[in-house]
Amino acid sequence: MSRPGREAKPHALLASAEALETFHEDVDYLWCGGSGSNSIIPVYDEPPSAIEFLRNHVSVSRPCIIRNSIRSSLQPKSQSQQPFCLTLDDLVSYNPDLELFVDVTPDGHGDCLRYTKDATTTAKETANPNSSQSQKIFVKPMERKMPISTFTKHLRQGRKQQILANNTAAAAADFNNDNHILQQPDEETNFLEVDSAIKNRVFEIDNNCTTPTADDNEVDTAIGADVDIDLDQCVLYYSRQNDCLRKELGSLWSQQQQQQQKKEDDPSLTSFDATTTKNNKNDSSSLDLLFPRSFSWAEEAFGVSEPDAVNLWIGDERSVSSMHKDHYENLFYVLQGEKVFTLCPPADAPFLYEQPVRSGKFVATTNTTTRNKKDKKMQLQWNVQLDHNDATSAAADHDDSAVWVHWIAANVLDEKDLDEFPLLAHTHVFPQVRVQAGDMLYLPSLWFHRVTQTCETIGINYWYDMKFESPSWCYFHLLQQLQLTDDNDKRKQMPNKENPKE
C-alpha cells in the first residue's frame with residue numbers, strides 16, 4: 001500500500017558488491033559467531049531457564065544443542081539418570097502392526113529438485129542433465145502404507161545390501177551380528193559429499209501412469225506380499241511432518257514407558273518421571289508416558305501453551321532432506337543414532353536461489369522384462385508424474401493447471417554450483433551440526449537446513465508456532481522477495497495464474 005495521496009511507482013533497489021560483502025560480514029560476526037564455516041553451536045549440559053533461552057537464543061534467532069532435556073529413570077536408583085533413548089526395535093516391540101505412511105524413493109532424495117525429461121526425448125538428447133531437453137522438477141517421494149515391522153525389515157535389508165556392495169567384509173560381519181546402527185567407515189563422504197550420479201540422474205516424465213494413494217488396497221497388497229515391488233531396491237524414510245505422533249501414532253504417543261521393563265522384576269527400577277528434568281512440562285497423569293508432552297522452559301520462551309505438532313522421524317544415512325526452511329520454532333531430539341544438520345541463517349535467503357518450479361511425485365512401475373522368477377520380484381522403473389490441479393488437465397498437461405512450489409535450486413555443499421549460482425559465496429554455512437542420541441537441537445524458525453543421518457536414526461521433534469507479528473518476519477519476508485538483476489536470473493517469474501506456497 002502506498003502512502004495516502006501518492007501513486008505507487010515502480011522503482012528498483014540495488015545493492016553493490018561492496019554492500020553485499022558488508023552484509024555478509026555483519027551476519028558472520030554479529031549473528032553467526034564470526035568464524036565462518038567453523039562457527040560453533042553452543043551446547044548446554046542441561047536445559048536453560050526460560051529467560052536464558054529466550055535472551056540468548058529465541059530473541060536473537062541462534063541455534064543451540066541441549067543435553068539431558070529428557071531423562072530416563074528406567075534404571076536402578078543407585079545409578080545416575082541417563083538421557084532418554086529408544087531403538088527401532090523398541091518401537092517395534094510396542095506394536096509390530098503399527099501402520100506407517102512411508103516415503104519411498106529410488107535413492108533417498110525426495111522432496112527436492114530432480115532432473116526430468118519428456119517421454120519423447122531420446123537418451124542421447126539428455127546425456128547432459130543441464131541440456132535444454134531436461135528440466136528441474138520438485139519431486140516428492142512415493143508414499144506407501146506398511147506396518148512398522150515391515151518398514152524395519154526393508155529399511156535394514158536395503159541398507160545392508162548397499163553397504164555390503166560398497167564396503168569390506170568387516171561390514172558384513174557387523175551385520176551378521178545384528179549391528180543395525182553401524183556407521184559407514186568414511187563419514188565425510190557418507191553424508192556431505194555430493195553424489196554426482198544421484199544429482200545428475202534424469203527421470204522420465206510419465207503422465208499416463210497413476211499413483212495409488214496410501215489408502216488403496218493395492219498398496220497394502222503390494223507391500224505386505226513382497227511380490228512385484230521389491231522394497232529392498234528402494235530407500236525408505238518415515239517423515240510425515242503432520243503431527244503424526246499425536247494424530248496417526250496415537251498408541252505410541254499414549255504408550256507408558258514403564259512397559260519397557262515388563263520382562264524385569266527389579267524393585268529398584270523406577271518408571272519414567274518427567275520431573276527428572278525440572279523444566280519438563282508434566283502433570284500427574286503424564287509422569288509415566290513414553291514421550292514428554294512439551295517443555296515448560298520452551299513454552300514460556302516461545303510464548304505458547306503447547307506444540308503445534310509433534311513428529312517422529314526414522315531413517316538412515318541414505319536419506320537426505322534437501323535445504324529448506326520451516327515456519328516453526330523447532331526442538332529436535334535424537335532417540336537413536338545421529339543426525340547431521342547443515343544450517344544457513346535466514347539472512348542467506350537472497351543467496352540460495354529459491355525459485356518457482358513445477359511439482360511432481362515419484363512413481364514406480366515394474367519392468368516385466370527383468371522379472372526374477374525365483375523370488376517373484378521385478379526391477380523397478382522410476383518415473384515422475386507431474387502434479388495438476390485437476391485430473392482432466394493432467395492428461396493434456398495444461399500449463400494453467402500445473403502446480404508450482406518455491407524451492408532452493410543451489411546446493412551449498414557443492415562447490416561446482418558456484419559457477420551457476422555465484423551468490424552462494426555470500427552464504428554462511430554451518431556444514432556439520434551433529435546431534436547425537438540424547439541431545440536436542442533448537443533450530444530457530446526460518447533457518448535453512450539440510451538434514452541426513454550417519455546411521456539408523458530415530459528422532460522426535462516438537463514444532464511451536466513462530467511469531468509472525470515481529471520485525472524479524474517482516475525483514476525476512478523482504479529478503480526472500482529480492483530478485484537477481486542480471487540477464488541469467490535463475491529466479492524466473494511464475495505464471496500469473498498460480499502462486500506457489502511460501
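Two strands pair when DSSP finds at least two bridges between them. Helices (H or I, at least four residues) and strands (E, at least two) are DSSP runs, numbered from the N terminus.

This is a predicted model: local features need pLDDT of at least 70, side-chain atom pairs count only at pLDDT 80 or more, and totals for chains, interfaces and linings use all residues. Residues are numbered from 1 along each chain as its sequence is written, and side-chain values use heavy atoms, with hydrogens and water left out.

**The chain**

The protein chain holds 14 helices and 23 strands. Of its 502 residues, 50% count as buried. Buried means under 20% relative accessible area, exposed over 50%, and partly exposed in between (1.4 Å probe, protein chains only). The accessible surface is about 24700 Å², and carbon and sulfur atoms account for 47% of that. Accessible areas come from the Shrake-Rupley method with a 1.4 Å probe; for residues, only the protein chains shown count as cover. A contact means heavy atoms within 4.5 Å. Among contacts with a separation of 6 or more, 79% link residues 24 or more positions apart.

E6 and E14 run parallel, joined by two bridges. His109 stands opposite Val320 in E14.

**The nine-strand sheet**

Nine strands form another open sheet, ordered E1-E2-E21-E15-E23-E13-E12-E5-E9, again with mixed pairing. Its edge strands are E1 and E9, each pairing on one side only. E1 and E2 pair in the parallel sense over two bridges. Here Tyr44 stands opposite Ile66 in E2.

Helix H4 (residues 148–166) packs on this sheet. The strands that H4 touches are E5, E9, E12 and E13. The direction of H4 makes about 115° with that of E9. Axes are lines fitted to C-alpha atoms, for helices over the stretch in contact; angles run from 0 to 180 degrees between N-to-C directions.

| E1 | 43–44 |
| E9 | 142–147 |

**Ile314**

Ile314 lies in strand E13. Is Ile314 buried or exposed? Ile314 is buried, at a relative accessible area of 0%. Leaving out residues up to four places away in sequence, Ile314 touches Leu88, Leu91, Phe151, Leu155, Tyr237, Tyr238, Thr457 and Ile458. Gln336 is 22 residues from Ile314 in sequence, and their C-alpha atoms are 9.3 Å apart.
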